[in-house]
Protein chains: 2
Amino acid sequence: MQILPPVLTDLIDAFGLLPGVGPRTAERYAYYLVRRDPATPQKLANALQSLPGGLGYCEKTFALVPAGQALSDLYTDPRRDKKIVAVVSEPFDLVALEKTGQFSGTYHVLGGLISPIDGVGPEQLHIKELVKRIEDDGVEEVILATNASVEGESTALYIQQQIGDRKVKVTRLARGLPIGVDLEYADQITLGRALEGRQAL
Amino acid sequence: MQILPPVLTDLIDAFGLLPGVGPRTAERYAYYLVRRDPATPQKLANALQSLPGGLGYCEKTFALVPAGQALSDLYTDPRRDKKIVAVVSEPFDLVALEKTGQFSGTYHVLGGLISPIDGVGPEQLHIKELVKRIEDDGVEEVILATNASVEGESTALYIQQQIGDRKVKVTRLARGLPIGVDLEYADQITLGRALEGRQAL
């Protein structure tokens, strides 16, 4: 005996595939769409269907680009400084950096971080292409903007070794107190790093 | 200048239509699907597209049924007692009651609750059809299973008046302490109702 029509249980199951969506949230989404006019589920369905065919990767920076486009706008825009390259792990990390509005260089997306436990070695990441870019574009500064995690730090270290003694400044994002956090609630490691990286006023 | 391809920003916007999904959660869902094989977004897209055309309402109980089906399985199943009718507000409320596994009667979905502030009057709800069912099916008990809210209580009161002096038992769900809640943390109104509804052991 069916309590709910199959179209509805199928939709609940499909929403359950999304990260962090349990049965209750999936039900909530599905029930909400039942109550809306058909345009709302249709809009989401169309957006989902266009996704796989609509994405490509920039040949130079490996950022996400619309399918068929060779280079990212963030690379080709003449206002972006090709001599400064921020190296990020995932294509979405550059969105976070763009939102600061404080970076006018270009990006290089690694496509992951070195993680032996997940079977990700340096040869699977776009590190060779980064080293090549340093020469091709006459890069003057490489900003290693990887996560402040073990994988992020070790990937940064590996890249630094690969760059070797090429004449380029290698920096990484500052570690320290996040804005708005009280000293007494900061964790020991963060506080330790903030102390190490203290700056003259 | 585009930071992200339009297919991706469209998808983030579309996820933002779901209840309780802000820009960060929408981004998280979209980014997750980018990393998965194309089958995952396709599965969700298909489920969404089947939704509007795949649903209908039971002619008798107004529960959701697959399109083209006249009566709900929960009504036609011979094991369900048509003489006991649980009256609920929304089609999804009956899922909650079914999950208890303790109800073997049939349902009647009102399609909302009386709420003058939202412009919902009794004539927009399936109350007339409920009163008709009492006679048609020889109903012996009507369980008013509406929410324990102002709208739920006043709708229950209105239905009771409409049933009038027809020979049928009218009950409603017990109000009291939810299971697992400490007395000291129960709110005053709930505790007051639990006291009013105290039962002999």
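## Basis of the model

The structure is a predicted model, in which local features need pLDDT of at least 70, side-chain atom pairs count only at pLDDT 80 or more, and totals for chains, interfaces and linings use all residues. Residues are numbered from 1 along each chain as its sequence is written, while chains are lettered from A and ligands numbered from 1 in the order in which they are written.

Helices (H or I, at least four residues) and strands (E, at least two) are DSSP runs, numbered from the N terminus.

## Symmetry of the two chains

Chain B is superposed on chain A by a rotation of 180° with 0.0 Å of shift along its axis, and the RMSD is 0.1 Å. This is the relation of a two-fold axis. In chain B, the C-alpha nearest the axis belongs to B:Ala45 and lies 2.1 Å from it. The copies are superposed by least squares on the C-alpha atoms of residues with pLDDT of at least 70 in both.

## The interface between chains A and B

Chain B gives 45 residues to the contact, and chain A gives 44 residues. Two residues are in contact if their C-beta atoms, placed from the backbone, lie within 7 Å. On the side of chain B that touches chain A, the elements giving two or more residues are α1, α2 (23-35), α3 (39-54), β2 (64-66), α4 (73-76) and α5 (93-100) of chain B. The largest share of this side, 13 residues, comes from α3(B).

By class, this side of chain B has 33 nonpolar, 6 polar and 6 charged residues. Here Ala, Val, Leu, Ile, Met, Phe, Trp, Tyr, Cys and Pro count as nonpolar, Asp, Glu, Lys and Arg as charged, and the others, Gly among them, as polar. Of the interface residues of chain B, 98% are also interface residues in chain A, so the copies meet through the same surface.

## A helix pair across the interface

Two packed helices are described by the angle between their axes and the distance between the axes. Helix α3 (residues 39-54) of chain A packs against helix α1 (residues 6-15) of chain B at an angle of about 155°, with the axes 9 Å apart. Axes are lines fitted to C-alpha atoms, for helices over the stretch in contact, and angles run from 0 to 180 degrees between N-to-C directions. α3(A) and α1(B) are therefore roughly antiparallel to each other; angles under 35 degrees count as roughly parallel, over 145 as roughly antiparallel, 65 to 115 as roughly perpendicular and the rest as oblique.

α3(A) passes α1(B) in a left-handed crossing. A crossing is left-handed if the near helix is turned anticlockwise from the far one by less than a right angle, and right-handed if clockwise. In α3(A), the residues A:Lys43, A:Leu44, A:Ala47, A:Leu48, A:Ser50, A:Leu51 and A:Gly54 meet B:Val7, B:Asp10, B:Leu11, B:Ala14 and B:Phe15 in α1(B). The residues of this contact divide into 8 nonpolar, 2 polar and 2 charged.

## A helix pair within chain B

The helix α1(B) also packs against α2(B): their axes come within 8 Å and cross at roughly 130°. α1(B) and α2(B) are therefore oblique to each other, and their crossing is right-handed. From α1(B), the residues B:Leu8, B:Leu11, B:Ile12 and B:Phe15 meet B:Ala26, B:Glu27, B:Tyr29, B:Ala30 and B:Val34 in α2(B). This contact has 8 nonpolar, no polar and 1 charged residues.

## The parallel sheets

In chain B, an open sheet of 4 strands has the order β4-β3-β5-β6, with parallel pairing. Two strands pair if DSSP finds at least two bridges between them. β4 (105-109) and β6 (169-172) of chain B stand at the edges, each with a single partner strand, so one side of each is left without a neighbour in the sheet. The twist averages 25° from one strand to the next.

Strand β3 (residues 81-88) of chain B is joined to strand β5 (residues 141-144) of chain B by 4 bridges. Across this pairing, B:Val85 stands opposite B:Val142, and B:Ile84 has B:Glu141 as its bridge partner. A further 4 bridges join β5(B) to β6(B), where B:Thr171 is the bridge partner of B:Ile143. In chain A, an open sheet of 4 strands likewise has the order β4-β3-β5-β6. There, 5 bridges join strand β3 (residues 81-88) of chain A to β4(A), and the bridge partner of A:Val88 is A:Val109.
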